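Reader: I have a model open and a few questions about how it packs. Can we go through them one by one?

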Amino acid sequence: MQPKTPFGRILVYVLLVAGSAVFLFPFIWLLVTSLKPIEQTMIMPPTWIPRAYTATVQGQRIEVTRDFLVERKSVLIVVDDGPQKGQRLLLPETDLDGQHGRARLQVFENGLQQAHDYPVTVVRVVEPGAWHVTERSDTKVRQHELGWDVVPEADIDAKASPRWDNYPKALATMGGRDLEEVEGSMAGRTSGISQDTHVGFVVFLTNTIIVCALGVLGAVLSNAVVAYGLAKVKWKGRDALFAMTLATMMVPFPVLMVPLYGVFKSLGLVGSLYPLWVPAFFGSAFNIFLMRQFFLTIPDELGEAARIDGCTEWGIFWRIILPLSRPVLAVVALFHFLSAWNDFMGPLLYLTRKHTFTLALALQNYQSQHGGVQWQYLMAASAVLIIPIIVLFFFTQKTFIKGIATTGIKG
Amino acid sequence: MTRRERQSFWNGIAFTAPWLIGLSVFTLYPVVASLYYSFCDYSVLQAPVWTGAENYTRLFRDDLFWLSLKNTLIFAALSIPFGTVVSLSLALLLNCEVKGTPLFRTIFYLPSIVPLVASSMLWLWIFNGSYGLLNFALNPILGLFGAKAPTWLTDPNWAKPALVMMGLWGVGNSMVIYLAGLQDVPKELYEAAEIDGATPWRQFWHVTLPMLSPVIYFNVIMGIIGSLQTFTQAFIMTGPDGPPARSTLFYALYLFTTAFYDLRMGYASAMAWILFIIIVILTVFATKWFEKRMHYGR
């Protein structure tokens with residue numbers, strides 16, 4: 001359908017653009033967050049560009065975090081006596097008794113917070129609108145007290161600076177390695193535990209690839225063979241088997257879940273990757289159906305001619321039907337890869353030890369350990385799971401769309 | 001059987017052998033076994049003990065069972081209609097022949113292939129009450145009316161709607177199916193309707209919807225089956241117990257924890273069969289409803 005009026009066309013575009021903005025924003029938010037330093041994930045309003053701030057702290061130009069905006073006229077002082085002797089402090093001007101060179105300080109005495117007057121030296125007066133900044137450090141383990149200062153906004157250099165190292169850090173900690181240790185060793189310091197005995201991202205990726213690759217192989221081979229038997233071989237019982245195949249598509253997974261677990265448990269395979277890919281070698285109702293429908297569109301005459309020439313049934317399948325079926329094989333391979341890569345419930349059910357985890361399960365496990373705090377690492381790890389799928393999609397878009405459309409319409 | 005029939009019979013068996021095994025081991029046996037377990041006390045560690053209908057009678061007295069069923073039905077009742085409206089609207093937009101539709105189609109479709117674990121993480125962050133993207137967008141608007149956005153996943157009243165909203169982001173699949181359906185509607189029908197003076201609105205109601213009804217039926221059935229089994233999002237975003245205040249304790253979540261945390265596999269199997277029956281009943285209802293209104297063929 002084509003919009004008839006220019007107004008109609010504009011309206012369609014406005015709606016399309018607005019809609020795609022809504023659908024795209026979560027992705028952008030994911031990427032932006034994954035490239036932020038932690039303190040910039042927790043500010044309202046959120047920033048859309050990860051930045052690095054540089055300011056002069058006690059005479060040195062270094063990277064800082066902006067802690068807060070000084071709202072009242074304040075003074076920067078050095079304490080001359082008392083328990084906090086020698087410390088630099090930022091105080092509201094009202095706490096300073098300038099005439100006597102004393103200031104009201106909060107000190108802890110016998111576990112109670114109390115205010116007392118102590119002699120101080122004023123370093124300088126701070127006007128409202130300045131920023132309290134602190135030397136930036138990724139690690140919580142510090143080798144020295146972090147420097148801080150109060151600087152006017154104009155003195156802070158803000159430069160767009162995506163933290164690409166969030167990615168290696170997220171991946172390194174995904175397997176349960178200590179975050180501080182990782183951050184420390186990446187900052188150039190080698191901690192005592194240099195021997196990496198932990199399971200890491202590479203193991204999860206390998207597991208996922210094993211499950212995906214073997215699963216795809218199994219799905220393509222088994223479903224094609226079976227679909228051929230249901231579409232091109234005329235035999236007694238064929239229609240009954242096909243009807244039964246369709247009927248099983250109705251059965252929800254929770255019904256099968258408990259006995260399936262029992263089957264693999266009795267085979268001693270719970271805790272291994274086998275339950276996640278072995279079933280693919282025995283066909284699945286949906287894929288058999290998909291392939292059968294495709295095989296039916298290939299004229300029988302092709303097979304008949306070969307049969308007269310003395311070709312076996314297997315020969316017909318292998319040399320004539322399969323080469324003609326590339327599109328539907330691609331659809332099945334793609335769908336199986338996608339569902340294996342995305343599968344969460346299967347791994348959750350069967351995998352118990354960390355070194356067998358797939359990426360999806362490892363990500364959930366990571367979240368349950370670091371969740372709610374380290375959003376930048378969580379988003380980076382999520383992006384690592386999402387990006388391969390998006391790349392795959394861009395290369396196989398046509399197959400994808402055609403596959404889904406067929407399942408819905410001709411199904 | 002003649003020799004030839006026998007020959008092709010064995011050929012048929014040989015070709016379908018993988019599936020004959022797969023069907024028996026991975027579908028038929030589990031179906032029968034789970035029905036049997038549903039009448040047993042079974043913990044996977046020990047052999048099942050027959051207890052008759054006890055699991056079922058206990059289920060009907062189990063408050064959490066009813067709560068999880070209620071939660072799931074509310075979730076389905078929200079997500080199916082909203083999902084249908086959103087995916088059909090997007091498909092209608094994409095069906096307009098304007099430049100750039102392949103790009104827009106890709107954008108709308110992408111979220112539906114993202115791993116659910118990853119999109120759960122993403123939406124967990126978007127729904128974050130203090131620093132989330134959603135409340136950043138909503139609070140200024142709601143502020144005009146003196147209202148404040150909820151904290152979504154930690155608010156018992158808003159956790160379910162939040163999960164529904166997240167689901168709308170992933171309607172790409174049904175959208176593509178609708179789009180294919182729309183492209184199959186013969187153009188002559190619209191031309192005829194236009195000659196008769198039908199407005200676009202009337203064309204939609206009297207041409208598009210009837211012609212699309214088999215596709216809507218398919219998507220609604222898929223929606224029923226899918227939403228009644230909602231598991232991953234809730235497991236990850238709120239937790240196995242369905243917090244806050246068990247407002248996201250969905251049926252599949254309760255079933256899973258009963259089976260694999262409490263190891264009450266018999267009880268869980270009874271739950272699974274009740275779910276199966278509910279799905280069948282709803283599917284039959286939907287089929288009856290659509291049969292009266294469905295338009296087949298051209």
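Author: Start with a helix pair: α5(A) and α9(A) cross in a right-handed sense. Keep in mind that this is a predicted model.

Reader: At what angle do α5(A) and α9(A) pack, and how far apart are their axes?

Author: The angle between α5(A), residues 201-231, and α9(A), residues 285-296, is about 55 degrees, and the axes are 8 Å apart. Angles from 65 to 115 degrees count as roughly perpendicular and those under 35 as roughly parallel, so α5(A) and α9(A) are oblique to each other.

Reader: Which residues of α9(A) make the contact?

Author: On α9(A), Asn287(A), Ile288(A), Met291(A), Arg292(A), Phe295(A) and Leu296(A) make the contact. From α5(A) the contributors include Ala219(A), Asn223(A) and Tyr228(A). Counting both helices, the contact has 11 nonpolar residues, 2 polar and 1 charged.

Reader: Change of topic. In the largest nonpolar core, which residues touch the most other members?

Author: Tyr228(A), Leu363(A) and Ala381(A) do, in a core of 160 residues. The largest share of this core comes from α5(A), with 14 residues.

Reader: What does Leu363(A) touch, leaving out residues up to four places away in sequence?

Author: In chain A, Leu363(A) touches Ala381(A), Ser382(A) and Leu385(A). In chain B, Leu363(A) touches Val117(B), Ala118(B) and Met121(B).

Reader: And α5(B), how many of its residues are buried?

Author: 10 of the 11 residues in α5(B), which spans 116-126, are buried, so this helix is largely enclosed by the rest of the structure. Val117(B), Ala118(B) and Met121(B) are among the buried ones, as are Trp123(B) and Trp125(B).

Note on methods:
Residues numbered from 1 in each chain as written. Chains lettered and ligands numbered in written order. Predicted model: local features only at pLDDT ≥ 70, side-chain atom pairs only at ≥ 80, totals over all residues. Axes fitted to C-alpha atoms, helices over the stretch in contact; angles between N-to-C directions. Helix = DSSP H or I, 4+ residues; strand = E, 2+ residues; numbered from the N terminus. Parallel < 35°, antiparallel > 145°, perpendicular 65-115°, else oblique. Left-handed = near helix turned anticlockwise from the far one by under 90°. Contact = placed C-beta atoms within 7 Å. Nonpolar A, V, L, I, M, F, W, Y, C, P; charged D, E, K, R; others polar. Core = buried A, V, L, I, M, F, W, Y, C linked by C-beta atoms within 7 Å. Buried ≥ 20, exposed ≤ 12 C-beta atoms within 10 Å, placed from the backbone.
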